[in-house]
Amino acid sequence: MCSIQAAMAGVQIVGKVQEYREQKALAASKRAANDRTRENAQVAYMRDINKIDQEKVQADQEKAVAEFKTKQESKKKLAQALNLNAGNAVAIVQDIGSLYNDEYTEINRDYKGDMITLANQTTDAYANMSKVYNSLQPVVEPSRTGLLLGLATTGAQGYINYDTAKAAKK
């Protein structure tokens, strides 16, 4: 009878140790998964930032092309009007200048709108990465103290059972 109780106590102790090891392995696995999720979020963030930078370069190029075309068109109109000797040269320059000044204003307004959109996209990209970080569940490590207390409790219970069985035989 005593050997059965000792064997049961031994099995319980081995079970508690195995349970602790499983909890450790689960915590390590969860930690690795969280690390991988963070890495993926950072990669996605960097891709978003890269895409935003490419869009900014494209917007800069579009602005430069639009300004160049407007400037060339303005020079062309001015030259035509002056060559035709269509009146007062100063009035011609002022008239054509004011006409194309509105185009420059429109180009700059569109460009600023693009820059605001890109700034908002940058903020959104960071917010998405932060959401992923904040959604990660913390890893809970199993307690060695809990393992030791469980072992001590099992050992004490085994001793009580042994002592009770021994007293009952007498």
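Which polar atom lies 2.8 Å from the backbone oxygen of A66? The first view gives the reply, and the others move on from there. Before we start, please note that this is a predicted model, in which local features need pLDDT of at least 70 and side-chain atom pairs count only at pLDDT 80 or more, while totals for chains, interfaces and linings use all residues. Residues are numbered from 1 along each chain as its sequence is written, and side-chain values use heavy atoms, with hydrogens and water left out.

**View 1. T70 and its polar partners.** The answer is a polar atom of the side chain of T70, 2.8 Å from the backbone oxygen of A66. The side chain of T70 also makes a polar contact of 3.3 Å with the side chain of E103. A polar contact is a pair of N or O atoms within 3.5 Å; within protein, one must be able to donate a hydrogen and the other to accept it, and residues adjacent in sequence count only if both atoms are side-chain atoms. T70 is part of helix α1; helices (H or I, at least four residues) and strands (E, at least two) are DSSP runs, numbered from the N terminus. T70 counts as buried because its relative accessibility is 4%. Here buried means under 20% relative accessible area, exposed over 50%, and partly exposed in between (1.4 Å probe, protein chains only).

**View 2. The largest nonpolar core.** Look for A41, Y45, I49, A125 and M129, the 5 residues of this core. Two elements, α1 (2-83) and α2 (89-135), each give two or more residues to the core, and α1 has the largest share with 3 residues. A nonpolar core is a set of buried Ala, Val, Leu, Ile, Met, Phe, Trp, Tyr and Cys residues joined through side-chain atoms within 4.5 Å. Leaving aside residues up to four places away in sequence, M129 touches A41, Q42 and Y45, where a contact means heavy atoms within 4.5 Å.

View 3. A search of the whole structure finds 1 aromatic pair. Y45 and Y126 make up this edge-to-face pair, with 5.9 Å centre to centre and 75 degrees between the planes. Y45 belongs to helix α1 and Y126 to helix α2, so the pair ties together parts that are 81 residues apart in sequence. Rings of Phe, Tyr and Trp (its six-membered ring) pair if their centres lie within 6.5 Å; planes under 30 degrees apart count as stacked, over 60 as edge-to-face and the rest as tilted. Y45 counts as buried at 19% relative accessibility, whereas Y126 counts as partly exposed at 47%.

**View 4. A charge over a ring.** Find K63, whose charged end sits over the ring of Y111, 4.6 Å from the ring centre. This label applies if NZ of Lys or CZ of Arg is within 6 Å of the ring centre and within 35 degrees of the ring normal.

**View 5. A44 and M129.** A44 is in helix α1, and its relative accessibility of 37% makes it partly exposed. Although A44 and M129 are 85 residues apart in sequence, they are 7.8 Å apart in space, C-alpha to C-alpha.

**View 6. N34 and its contacts.** N34 lies in helix α1 and is buried, with a relative accessible area of 9%. Not counting residues up to four places away in sequence, N34 touches L136, Q137 and V139.
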